[in-house]
Amino acid sequence: MLQSVASSRCIRLIDRNRPAWYFAFLMIIYILYLIFGAVVFSSVELPYEDLLRRDLLELKRRFLNENECMSEVQLEAFLERVLEASNYGVSVLNNASGNWNWDFMSSLFFASTVLSTTGKGSGYGHTVPLSDGGKIFCILYSVIGIPFTLLLFTALVQRIIVYVTRKPVLFIHLHWGFPKHIVAIVHSLFLGFVTVTCFFFIPAAVFSILEEDWNFLESFYFCFISLSTIGLGDYVPGEGYNQKFRQLYKMGITCYLLLGLIAMLVVLETFCELQELKMFRKMFYVKKKKDEDQEHIVEHDQLAFASISDQVASLKEEQKLHEPFVALQPVVNYTSDSSLSHEQ
């Protein structure tokens with residue numbers, strides 16, 4: 001008897017705190033996913049790093065043997081200075097001396113990656129402010145520009161998604177009679193396929209042709225890292241020697257990144273409006289508790305109708321906020337006054 005009562009209490013306790021248990025499970029899965037990624041990256045990349053270190057040490061040893069007049073201290077000082085300049089995008093090589101990192105188009109490219117956060121992480125290439133004034137301006141520029149960019153992108157996505165997602169789904173649902181949630185799922189998959197094709201595969205093929213040192217995988221990698229706002233900066237287009245129409249090329253890449261980021265946000269918003277994903281997200285949310293004061297007011301007969309009306313209005317407002325697609329406005333036909341008087 002006691003065991004059954006205890007088990008029923010445990011079941012009720014679990015049911016009452018089910019979102020908390022789901023959230024704890026989600027946190028555990030995320031931590032395990034981070035550990036899994038660390039293990040895979042370490043096991044895959046560590047041998048290549050070790051091989052590169054060995055090659056560099058062997059190259060350094062051979063250079064010192066062939067140039068006995070130079071000491072290891074002098075070589076270390078020279079390499080340290082070269083690497084420091086390279087981290088700021090300035091190369092000592094002759095074939096890279098013609099590319100400036102802070103001309104107008106390169107600066108426009110840098111500003112777009114900063115405001116859109118596509119250049120976070122290690123940044124695009126090594127184009128970073130060198131002067132103290134540039135660092136201060138970058139901070140102030142980002143503090144104002146990043147929220148402004150997010151506001152602009154949000155407004156654009158909310159307008160685009162009406163014509164790209166909600167109206168087409170509603171049109172197919174009303175005119176062809178297919179279930180709305182099925183149409184929404186198929187439309188989301190189709191929109192995702194079109195976006196991946198237009199902003200990943202096709203640009204990757206173009207980059208693999210325009211960039212001499214890139215293959216298709218490296219070009220696709222650049223597109224994904226950029227549009228996912230990871231921005232590692234290990235691949236930067238338009239930095240090769242003898243790059244034709246470099247200024248125009250940089251301008252095109254800037255437009256591609258901005259348009260691609262907007263397209264990715266539209267796709268994500270489309271998938272987030274699916275009812276199945278909404279139900280899945282609600283599993284991890286904290287349930288809203290009823291206000292005791294409102295329940296006490298409902299008990300009074302005088303204010304019961306007003307309170308119920310307020311609750312209905314709030315429920316309707318909440319439905320509008322969670323409604324994934326634009327609802328069809330009802331059409332009401334009114335008869336004229338003359339017809340009414342004639343009938344009377």
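**A serine in a loop**

Mentor: S116 sits in the loop between α4 (104-115) and α5 (132-176). Helices here are DSSP runs of H or I with at least four residues, strands are E runs of at least two, and both are numbered from the N terminus. This is a predicted model: local features need pLDDT of at least 70, side-chain atom pairs count only at pLDDT 80 or more, and totals for chains, interfaces and linings use all residues. Residues are numbered from 1 along each chain as its sequence is written, and side-chain values use heavy atoms, with hydrogens and water left out.

Trainee: Is S116 buried or exposed?

Mentor: S116 counts as buried, because its relative accessibility is 6%. Buried means under 20% relative accessible area, exposed means over 50%, and partly exposed is in between (1.4 Å probe, protein chains only).

Trainee: What is S116 in contact with, leaving aside neighbours within four places in sequence?

Mentor: T149, F153, T229, L258 and L261. Contact means heavy atoms within 4.5 Å.

Trainee: Which backbone oxygen lies 2.5 Å from a polar atom of the S116 side chain?

Mentor: That of S112. A polar contact is a pair of N or O atoms within 3.5 Å; within protein, one must be able to donate a hydrogen and the other to accept it, and residues adjacent in sequence count only if both atoms are side-chain atoms.

Trainee: OK, α7 then. What caps its N-terminal end?

Mentor: N215 does. A side-chain oxygen of N215 lies 3.2 Å from the backbone nitrogen of L217.

Trainee: How far apart are the end C-alpha atoms of α7?

Mentor: They are 17 Å apart. Helix α7 has twelve residues (216-227), so at 1.5 Å a residue it should span 16 Å, which agrees. The expected span is 1.5 Å times one less than the number of residues.

Trainee: Which residues of α7 are buried?

Mentor: S219, F222, C223, I225, S226 and L227. They pack against α6 (180-210) and α8 (246-272).

Trainee: New topic. How many helices and strands does the chain have?

Mentor: Twelve helices and zero strands.

Trainee: And what share of the chain is buried?

Mentor: Buried residues make up 24% of the 344 residues.

Trainee: Last one. Where is L32?

Mentor: L32 is in helix α2 (residues 18-66). L32 is partly exposed, because its relative accessible area is 48%.
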